[in-house]
Amino acid sequence: MPTIIMTKWPVKIDGSVKAKAMTFLQKLSADDTTAGLHLEPIAGAADSRVRTGRVDQFWRAVMFRLDGAGESHYVIHGVWPHDDAIAIAARVRLKVNPINGLPQIEQAEPAAHPAVPPPSRAKPLLGRLGRTRDDLVDRLGVPADIADLALAAPDEDAILDLAQQHDGWLGMLLVDLATPDSIDTIAERLQLAAPEPTGDEDADLLRSLKQPAAQAQFAFIDGQEELRRVIEKGDFGSWRVFLHPEQRRYAVRRYKGPFRLSGGAGTGKTVVLIHRARVLAREQQDARIVLTTFTTNLADALRDGLAQLDPTVPQASALNQPGVYVTGVDALAAAVIRAAGTGIADAVQAVLGDARSTPTGRTPNGRWREVIEASSSKLPTEIANETFLSAEYALVVLPNRVKNENEYRRIRRPSRGVALDRAKRDSVWALIAAYRAQCRIEGTLDFAEAAAVAAAHLAATGGQADHVLVDEGQDLSPTHWQMLRALVAEGEDDLFIAEDSHQRIYGNRTVLGRYGIKIVGRSQRLTLNYRTTAQNLRYAMAVLDGGDYVDLEEQAEATGYRSARSGPTPAVETVESLVSELDTIADRIRPWLDHGAAPETIAVLVHDKFQRERVVNALNERGVQARAVDRERPAEGRVLVMTMHRAKGMEFAKVVLADVGFQSAAEKARLDDLDDNERHDAELRARSLVYVAATRARDELVVVQRR
Ligand SMILES: Nc1ncnc2c1ncn2[C@@H]1O[C@H](COP(=O)(O)OP(=O)(O)OP(=O)(O)O)[C@@H](O)[C@H]1O
C-alpha cells in the first residue's frame with residue numbers, strides 16, 4: 001500500500017474541497033493504481049517525480065512520487081484549481097538540500113520572490129548580528145535567493161515577514177537567524193546533519209523526509225484516521241502533526257528520572273505534554289499515566305487536546321487504571337482520598353494529628369480571616385493576615401507535617417521573610433490551631449491539606465501511577481509536589497514537568513529539590529513562541545522587565561523568546577474613568593466584528609468577576625453581543641469576557657486587556673498589610689498576570705490602562 005506524506009499546505013481550502021481531497025487521498029493510500037485517481041506525470045516538468053491527481057472536475061492534487069524499499073510514497077504538495085495545479089506541477093521540484101540534508105520544495109523559476117530591496121543606509125539586521133552570506137548559504141543551507149532577501153532585511157519584523165512565507169525548517173531557520181544565537185546553536189537546535197548521498201535519489205529523499213527538522217513540515221501518515229484529522233483541521237491543527245524538532249525530542253525521549261521543561265507562554269509546552277502522553281500510552285499499553293495541571297478548566301483543555309490528537313489513546317476514568325488519567329491537581333488529591341475510604345484516617349493523623357476518617361468537605365475561602373477576626377491576637381498586621389498565614393501553613397507547616405506548638409517552635413522556615421521569635425511563633429500557632437479546630441468540627445480540608453493527606457497516604461501505601469506529566473508546574477504548592485512525588489515510584493520517566501515561572505499567578509515560589517524531585521541536569525527550555533506575534537510578545541516581555549523571577553530549581557528565569565509571526569503593534573489606550581474604559585473597549589471591538597471576525601475569537605480580559613459583569617453589561621448596552629465565561633467551556637457566537645486567571649492556558653485571535661495598572665481600594669489595603677517579602681511576591685504575581693493575559697492574543701492586542 002502506498003505511503004502518504006503530508007506537507008503543511010500553502011493554501012487553505014474550504015470544507016467541501018477538503019472532503020473531496022480526503023476521499024482522493026484515501027483512495028490513493030489504498031491503491032495508487034485505481035483508475036479514477038488519474039495520476040499523471042506532466043510532460044516537461046522540472047521534476048520527473050511530480051504527478052497530478054483528479055480530486056474532482058475542477059480541483060487537482062499536486063504530489064511527488066518516490067519509490068523506496070519496494071513501496072511507493074506520495075509527498076502531497078497541495079490541492080489547486082486545475083489550471084493552477086498544472087502550472088505549479090510543471091515548475092516544482094523536490095530535492096535534498098546538499099548542505100543540511102533536509103528536503104526542499106523549490107520552484108524552477110523563482111519569480112515568485114520579491115526583488116531584493118535596495119540597501120538602506122542603516123546596516124540590515126543580520127549584518128548587525130555578524131551574520132554573513134557564507135553562514136546562511138554554506139553553513140545552514142538557506143537557498144541563495146532567500147539568503148539575499150534575509151541579509152537585506154532591515155529589522156526583525158522584515159525577517160519574520162520573510163519567515164512566514166516559508167513553512168518548515170526554512171521558516172524556523174530565518175526566525176532563529178534574527179536572534180543573537182550562534183550559527184552552531186541554530187544548527188544544533190534543528191539537529192541539522194547532511195548524510196552522504198547513497199546514489200539512490202529516492203532513498204536519499206525519503207531519508208531526508210525523516211530528519212527531525214523535516215517533520216516540522218512533512219508528516220508520514222499512519223492510517224486513514226490520521227489522514228482525516230490532518231486534512232480536516234488544516235492549519236490550526238498543525239500542532240498535532242508538525243512538531244518542532246525540539247518539541248519532538250521532548251515528546252519521545254526517555255529520561256532516567258524527573259525532567260523539567262520550561263518555556264515562555266505559547267512555546268508549545270502543553271503540546272509536548274499531550275504528545276508525550278500519547279507516546280507513552282502507545283508504547284506501554286498497561287501503563288497508568290497521569291496528566292495533570294493546576295485547574296479543572298485547564299484539565300478539560302488537556303483532555304480535549306489529547307482526544308483531538310488521537311481519539312484512540314485510552315483515557316482512564318479513574319486513578320490507578322491503565323490509560324491516561326487527565327485531571328486537575330486538586331481533583332487528583334480528592335480522588336486519592338475518596339479511593340482510600342476510611343483507610344485515609346492514618347494519613348490525616350500523620351498530617352493533622354487527628355484521625356478523621358471522612359474529611360469530605362472543602363474549607364471555604366475566607367476561613368483564615370474569620371479565625372483572625374475571632375481571635376484576640378496581638379500579632380502585627382503583617383503577620384496576622386490571610387496571605388501570610390495561609391502561606392506559612394502551606395509552605396512550612398503542612399509539608400513538614402507539623403502537628404503541635406512544640407514541633408512548630410523547632411521547624412526551619414527557609415525563605416519566609418518575616419522572622420518569628422518564640423512569642424510570635426506561639427501566637428501564630430494559636431491561630432493555626434484555631435483554624436484546624438474549626439475545620440475539624442466541620443469535617444473539611446483545604447486544598448493544601450488535601451494534597452498533604454493524599455501525599456501521606458500514597459507514601460504509606462505505594463504509588464498509583466507509572467508516569468506523571470504535569471503542566472503549569474509553577475503554580476503548584478509544596479504539598480502538591482509531595483503528592484505527585486509519592487504518586488509514582490522513582491525511576492525512568494517518572495515525572496515530566498512543564499513550567500514557566502513568569503506565569504506564576506497562584507501560590508508562592510517553590511523549589512522541587514525540597515520535595516524529593518531531583519532534576520539533576522534534566523532540564524531544557526523551549527524558546528520559539530508559536531502563538532503570539534513578535535510585537536505582542538515584546539509588549540508582554542516588557543511587563544516583566546526588572547522582575548527577579550526564579551524557576552523551580554531556584555535559577556533566574558531566562559528570557560530571550562522568539563516568535564515565528566509578525567503582526568500589528570499592540571495599541572495601548574489610557575483612559576481616565578470607568579465609563580471611558582467601557583466605551584473604549586466597545587469601540588475597539590466593533591471594527592473587528594465589522595470586518596468579519598468571529599465573536600468568540602475575541603476576548604476581553606479583566607481583573608475580577610465584578611468587572612467582568614460590568615463589561616458584559618456595558619458591551620451589550622453598546623450593541624456588542626458579549627457573554628461572561630466562568631467555569632464552563634466558552635460558547636460560540638458572542639464576544640467572550642473573563643478574568644485574566646480564567647484565560648490562563650487559552651488563546652484568542654484578538655484580545656482587549658482591561659484594567660491594566662488599576663488597583664481597587666480593597667486590593668491596595670490588602671497589599672499595605674503585607675510584609676515586604678510577601679508584598680514583593682504579590683507584585684511579581686500581578687505582573688505575571690498581565691503577562692499571562694497579554695500572551696493570550698494570537699494576532700491583535702489592545703491594552704486599556706486606567707490612570
Ligand atoms: N509545532 C507546532 N506547530 C504549530 N502550532 C504549534 C506547535 N506547537 C504549539 N503550537 C501552537 O502554539 C500555541 C501554544 O501552544 P501551547 O498551548 O502548547 O503552549 P504553552 O507553552 O503551553 O503556552 P502557555 O504557557 O501560554 O499555556 C497553540 O495554539 C498550539 O497549537
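**Figure 1. Helices α24 and α25 cross in this predicted model.** Helix α24 (residues 578–594) and helix α25 (residues 609–621) cross at roughly 60°, and their axes come within 10 Å. That makes α24 oblique to α25; angles under 35 degrees count as roughly parallel, over 145 as roughly antiparallel, 65 to 115 as roughly perpendicular and the rest as oblique. The crossing is right-handed, where right-handed means that the near helix is turned clockwise from the far one by less than a right angle, and left-handed means anticlockwise. On the α24 side, the contact is made by Leu582, Ile585 and Ala586, and on the α25 side by Val615, Ala618 and Leu619. Contact here means C-beta atoms, placed from the backbone, within 7 Å. The α24–α25 contact has six nonpolar, no polar and no charged residues. For the classes, Ala, Val, Leu, Ile, Met, Phe, Trp, Tyr, Cys and Pro count as nonpolar, Asp, Glu, Lys and Arg as charged, and the others, Gly among them, as polar.

A quick word on the model and its numbering: residues count from 1 along each chain as its sequence is written. As this is a predicted model, local features need pLDDT of at least 70 and side-chain atom pairs count only at pLDDT 80 or more, while totals for chains, interfaces and linings use all residues.

**Figure 2. Helices α21 and α22 pack together.** Here α21 (residues 447–461) meets α22 (residues 478–487) at an angle of about 25°, with axes 8 Å apart. Axes are lines fitted to C-alpha atoms, for helices over the stretch in contact, and angles run from 0 to 180 degrees between N-to-C directions. The two helices are therefore roughly parallel to each other, and α21 passes α22 in a left-handed crossing. From α21 come Ala448, Ala451, Ala452, Ala454, Ala455, Leu458 and Ala459, and from α22 come Thr479, His480, Gln482, Met483, Ala486 and Leu487. Sorted by class, that contact has ten nonpolar, three polar and no charged residues.

**Figure 3. Helices α4 and α5 pack together.** With axes 9 Å apart, α4 (residues 133–140) and α5 (residues 144–152) pack at about 150°. That makes α4 roughly antiparallel to α5, and α4 passes α5 in a right-handed crossing. Arg133, Leu136 and Val137 in α4 meet Ala144, Ala147, Ala150 and Leu151 in α5. The tally for this contact is six nonpolar, no polar and one charged. Helices are DSSP runs (H or I, at least four residues), numbered from the N terminus.

**Figure 4. Residues surround the ligand.** There are 21 of them, the closest being Trp239, Ala265, Gly268, Thr270 and Tyr530; near means a C-beta atom, placed from the backbone, within 6 Å. By class, the shell has six nonpolar, eleven polar and four charged residues. At least three residues come from each of domain 3 (243–315 + 465–532) and domain 5 (568–706), with domain bounds taken from an automatic or database domain assignment.

How values were computed. Two residues are in contact if their C-beta atoms, placed from the backbone, lie within 7 Å.
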